[in-house]
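Take a look, then read on.

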Amino acid sequence: MKNASKLQAIVEAKCPRRRQEDIFKYSNLQLNKFTETNYYYPVCGLKYKIEPRFFIVANYKSYAMSVALAFIGGGVIFRK
C-alpha cells in the first residue's frame, strides 16, 4: 500500500505519513476496543496524538451548530 491515495488511506485508517500501518490497534468490528490507537509507528517514527486544543475548538463548533439548529428549529415551529 505504498502508493495509496490519501482518500484510500483515510478509508482504510492507515498511518498519515507512510500509509502502511494501521492507526487503530484492533479491527473496526470490535466496538469495545475501537478507540484504542497506536501512538507510535516504527516504520516512519511518527508519534500520533491529538492536538492540545482539539477539544476546545470542538466545543466551540458544537455550541455554534447547536445555536444555529435551535434558531432554525424555532423558526420552523413558531412561524406564522
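Q: Where is the place of Lys 14 in the chain?
A: Keep in mind that this is a predicted model. Its two helices are α1, covering 6-11, and α2, covering 54-77. The place of Lys 14 is in the loop between α1 and α2.

Q: Is Lys 14 buried or exposed?
A: Buried here means under 20% relative accessible area. Lys 14 has 17% relative accessibility, so Lys 14 counts as buried.

Q: Which side chain makes a polar contact with the side chain of Lys 14?
A: For a polar contact, a pair of N or O atoms has to be within 3.5 Å. The pair in question sits at 2.7 Å, and the partner of Lys 14 is the side chain of Asp 22.

Q: What separates the C-alpha atoms of Lys 14 and Tyr 40?
A: Along the chain, Lys 14 and Tyr 40 are 26 residues apart.

Q: What is the phi of Ala 13?
A: Ala 13 is another residue of the loop between α1 and α2, and at 15% relative accessibility it counts as buried. Most residues other than glycine have a negative phi. Ala 13 is not a glycine, yet its phi is positive, at about 55°.

Q: What value is the phi of Arg 19 near?
A: Arg 19 is found in the loop between α1 and α2 too, and counts as buried at 19% relative accessibility. Arg 19 is a residue other than glycine, but its phi is positive, near 60°.

Q: What radius of gyration does the chain have?
A: A compact globule of 80 residues would come out near 12 Å. The C-alpha atoms here fill a box of roughly 60 × 30 × 25 Å along the principal axes. The radius of gyration of the chain is 19 Å.

Q: What percentage of the 80 residues in the chain is buried?
A: The accessible surface of the chain comes to about 7,300 Å², and 61% of that belongs to carbon and sulfur atoms. As for buried residues, they make up 15%.

Q: How far apart are the centres of the positive and negative side chains?
A: The chain has 14 positive side chains and 5 negative ones.

How values were computed
Residues are numbered from 1 along each chain as its sequence is written. This is a predicted model: local features need pLDDT of at least 70, side-chain atom pairs count only at pLDDT 80 or more; totals for chains, interfaces and linings use all residues. Side-chain values use heavy atoms; hydrogens and water are left out. The radius of gyration is taken over C-alpha atoms; the globule rule is 2.2 Å times the number of residues to the power 0.38. Buried means under 20% relative accessible area, exposed over 50%, partly exposed in between (1.4 Å probe, protein chains only). Accessible areas come from the Shrake-Rupley method with a 1.4 Å probe; for residues, only the protein chains shown count as cover. Lys and Arg count as positive and Asp and Glu as negative; His and the chain ends are not counted. The place of a charge is taken as NZ of Lys, CZ of Arg, CG of Asp or CD of Glu. Helices (H or I, at least four residues) and strands (E, at least two) are DSSP runs, numbered from the N terminus. A polar contact is a pair of N or O atoms within 3.5 Å; within protein, one must be able to donate a hydrogen and the other to accept it, and residues adjacent in sequence count only if both atoms are side-chain atoms.
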